[in-house]
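Please look at the sequence and the model first, then read the points below.

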Amino acid sequence: VKLARYTSEFGLIQKEAAVLVEDAAVANYYESVVEAARNSSEVTPKLISNWVSGELFRLLGESGIEMTGVKIKPEHLVALIELVNAKTINQSAAKKVFGVMFETGRPPREIVEEQGLQQISDTDQLTSLVQQVIADNPGPVEQFKRGKDTVIKFLVGQVMRATRGKANPQLAEQMLREQLQK
């Protein structure tokens with residue numbers, strides 16, 4: 001019954017739904033998170049499924065903790081997904097935060113602020129970094145200008161390295177392209 005409901009009501013594919021209904025504790029947790037996300041237009045049952053069957057299962061496997069011992073409150077998982085969707089944090093920071101949430105049960109925003117994991121999405125902050133990366137990498141810049149578009153990934157990587165992974169990568173790429181096309 002749950003399998004059919006997860007595919008019809010939540011829009012999961014059969015394989016995703018099967019993983020979630022295999023264990024009653026997992027299904028109950030998943031449904032609690034979906035219920036907690038009821039008022040959030042951004043947090044979909046599919047996103048919740050990805051976090052539960054991905055990161056949560058990984059940490060459960062590594063730690064040997066049973067599903068009933070999970071410390072992450074459903075509303076905290078919803079809040080974490082909202083932080084990613086709002087681009088407050090990127091995916092790699094979200095995984096770090098999730099790990100701390102798993103260990104401590106603390107809310108994500110508290111962890112993000114404590115560890116300074118907010119993503120840099122301020123163009124003013126990134127402008128000088130982008131200009132510095134361009135100045136420091138004349139070879140790749142020249143390759144890009146000659147039409148080798150894939151070099152942009154290297155340059156984005158340099159911006160990410162300079163910000164220790166905190167820059168919004170899409171914004172960094174957009175800013176690099178704008179600067180390089182001047």
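The model is predicted, so local features need pLDDT of at least 70 and side-chain atom pairs count only at pLDDT 80 or more, while totals for chains, interfaces and linings use all residues. Residues are numbered from 1 along each chain as its sequence is written, and side-chain values use heavy atoms, with hydrogens and water left out.

**Overall build**

- The chain has 11 helices and zero strands; helices (H or I, at least four residues) and strands (E, at least two) are DSSP runs, numbered from the N terminus.
- With a radius of gyration of 20 Å, well over the 16 Å that the globule rule gives for 182 residues, the chain is more spread out than a compact globule.
- That radius is taken over C-alpha atoms, and the globule rule is 2.2 Å times the number of residues to the power 0.38.
- The C-alpha trace spans about 60 × 35 × 30 Å along its principal axes.

**Burial, contacts and charge**

- Of the 182 residues, 41% are buried; buried means under 20% relative accessible area, exposed over 50%, and partly exposed in between (1.4 Å probe, protein chains only).
- The chain exposes about 9,900 Å², and carbon and sulfur atoms supply 50% of this area; accessible areas come from the Shrake-Rupley method with a 1.4 Å probe, and for residues only the protein chains shown count as cover.
- Among contacts between residues at least 6 apart in sequence, 64% join residues at least 24 apart; contact means heavy atoms within 4.5 Å.
- The chain has 22 positive and 23 negative charges, and their mean positions are 6 Å apart.
- Lys and Arg count as positive and Asp and Glu as negative, without His and the chain ends; the place of a charge is NZ of Lys, CZ of Arg, CG of Asp or CD of Glu.

**Single residues**

- Ser 49 sits in helix α4 (residues 45-63) and is buried, at 1% relative accessible area.
- Leaving aside residues up to four places away in sequence, Ser 49 touches Leu 12, Glu 16, Leu 20, Tyr 30 and Gly 54.
- Gly 147 is in the loop between α9 (138-145) and α10 (151-162) and counts as exposed at 59% relative accessibility.
- Most residues other than glycine have a negative phi.
- Lys 87, in the loop between α5 (74-85) and α6 (91-104), has a positive phi near 65° and is partly exposed at 42%.
- Arg 164 also has a positive phi, of about 50°; Arg 164 lies in the loop between α10 and α11 (169-180) and is exposed at 70%.

**Aromatic rings**

- The whole structure holds four aromatic pairs; rings of Phe, Tyr and Trp (its six-membered ring) pair if their centres lie within 6.5 Å, with planes under 30 degrees apart stacked, over 60 edge-to-face and the rest tilted.
- One of them joins Phe 10 and Tyr 30, with centres 5.8 Å apart and planes at 75°, so the pair is edge-to-face.
- Phe 10 lies in the loop between α1 (2-8) and α2 (14-21) and Tyr 30 in helix α3 (residues 24-36), so this pair ties together parts that are 20 residues apart in sequence.
- Phe 10 is buried at 12%, and Tyr 30 is buried at 0%.
- Trp 51 and Phe 98 form a tilted pair, 5.3 Å centre to centre with 35° between the planes.
- Trp 51 in helix α4 and Phe 98 in helix α6 are 47 residues apart, and both are buried.
- Tyr 6, Phe 10 and Tyr 30 are linked into a cluster by ring pairs.
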